[in-house]
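Trainee: I would like to learn how to read a model like this one, feature by feature. Could we take the general idea in each case and then turn to the structure itself?

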Amino acid sequence: MSQGATAWDTGGSEMGSPAADRPSAQPQRYDTAAAAETEALGERLGRALAAGDVVTLSGPLGSGKTTFTKGLARGLEVAEEVTSPTYALVSEYDGRLALYHVDLYRIATPAQYVSLAMDDILHGPWVTVVEWPEHAAPPITGAIEVTFAVAAGGGRTVRIRGTA
Ligand SMILES: Nc1ncnc2c1ncn2[C@@H]1O[C@H](COP(=O)(O)OP(=O)(O)OP(=O)(O)O)[C@@H](O)[C@H]1O
Ligand SMILES: [Mg+2]
């Protein structure tokens, strides 16, 4: 994947502790040519995550949010394969930290959102990944924000913004 020259970009896993590898508040851009590269980027973020972290994934249908989550789960040492379930809005996985994978695409009413008890999910000692965070009301704040766009050549542009 192509990337700029910043601490998070160039660090890789050889840069020391995972904590040193957390994304900066300055958004960083990555261009991934294939799904495996998007997964690798997610895995790298997953390795750097700590209990209580929330990661929001924004971008159109098919832009790579679940693909990124599969890698992120590997970085959290989740053994089970992350899928994009047809009906479940929230899936839980065991790993070095538990992972809650939330997909808000099908949220149709405010009551449905309330029924998810997202406030509890977002504030627990685990990692929460949220696809379609735009469907959350009230909005999700304080998250590491990842946005996906489909590039002209078919690859993906991934932007990651850490918390301050
Ligand atoms: N560079 C790339 N990065 C990620 N996915 C890619 C890339 N190139 C092609 N793909 C393909 O694009 C699709 C992305 O699907 P994925 O389920 O990850 O999207 P999504 O953003 O989660 O969509 P949805 O909003 O429907 O949940 C996959 O089929 C994947 O193989
Ligand atoms: Mg998805």
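Trainee: In which loop is R106 found?

Mentor: Before placing it, note that this is a predicted model, in which local features need pLDDT of at least 70 and side-chain atom pairs count only at pLDDT 80 or more, while totals for chains, interfaces and linings use all residues. Residues are numbered from 1 along each chain as its sequence is written, and chains are lettered from A and ligands numbered from 1 in the order in which they are written. Helices (H or I, at least four residues) and strands (E, at least two) are DSSP runs, numbered from the N terminus. With that convention, R106 is found in the loop between β5 and α4 (110–115).

Trainee: Is R106 buried or exposed?

Mentor: The general idea is to count other C-beta atoms, placed from the backbone, within 10 Å of the residue's own: 20 or more make it buried, 12 or fewer exposed, and anything in between partly exposed. R106 has 12 other C-beta atoms within 10 Å, so it is exposed. The C-alpha atoms of R106 and H135 are 8.6 Å apart in space, although the two residues are 29 apart in sequence.

Trainee: What pattern does the protein chain follow along the sequence?

Mentor: The protein chain has five helices and eight strands, and they are arranged along the sequence as β-α-β-α-β-α-β-β-α-α-β-β-β. Of its 164 residues, 35% are buried. For contacts, the criterion is that the C-beta atoms of two residues, placed from the backbone, lie within 7 Å; among those between residues at least 6 apart in sequence, 67% join residues at least 24 apart.

Trainee: Which residues are closest to ligand 1?

Mentor: A residue is taken as near a molecule if its C-beta atom, placed from the backbone, lies within 6 Å of it. Ligand 1 is surrounded by 19 residues, the closest being T38, G64, K65, T66 and T67. Both α2 (35–48) and α3 (65–75) supply at least two residues of this shell.

Trainee: Why is α3 largely enclosed by the rest of the structure?

Mentor: The reason is that ten of the eleven residues of α3 are buried, including F68, L72 and A73. Among the elements covering these buried residues are α2, β3 (54–58), β4 (90–93), β5 (99–103), β6 (127–131) and β7 (144–150).

Trainee: At what angle do α2 and α3 pack?

Mentor: Two packed helices are described by the angle between their axes and the distance between the axes. Axes are lines fitted to C-alpha atoms, for helices over the stretch in contact, and angles run from 0 to 180 degrees between N-to-C directions. Here α2 and α3 pack at an angle of about 40°, with their axes 6 Å apart. Angles under 35 degrees count as roughly parallel, over 145 as roughly antiparallel, 65 to 115 as roughly perpendicular and the rest as oblique, and α2 and α3 are therefore oblique to each other. The residues of their contact divide into seven nonpolar, seven polar and six charged.

Trainee: Which residue with a positive phi follows α3?

Mentor: That residue is E77, which has a positive phi of about 65° although it is not a glycine. E77 lies in the loop between α3 and β4 and, with 14 C-beta neighbours inside 10 Å, counts as partly exposed. A117 lies in the loop between α4 and α5 (118–122), and with 10 C-beta neighbours inside 10 Å it counts as exposed.

Trainee: Where is D53 found, and with which residues is D53 in contact beyond its neighbours within four places in sequence?

Mentor: D53 is found in the loop between α2 and β3, and it is buried, with 21 other C-beta atoms within 10 Å. Leaving aside those sequence neighbours, D53 is in contact with V127 and I144.

Methods: Ala, Val, Leu, Ile, Met, Phe, Trp, Tyr, Cys and Pro count as nonpolar, Asp, Glu, Lys and Arg as charged, and the others, Gly among them, as polar.
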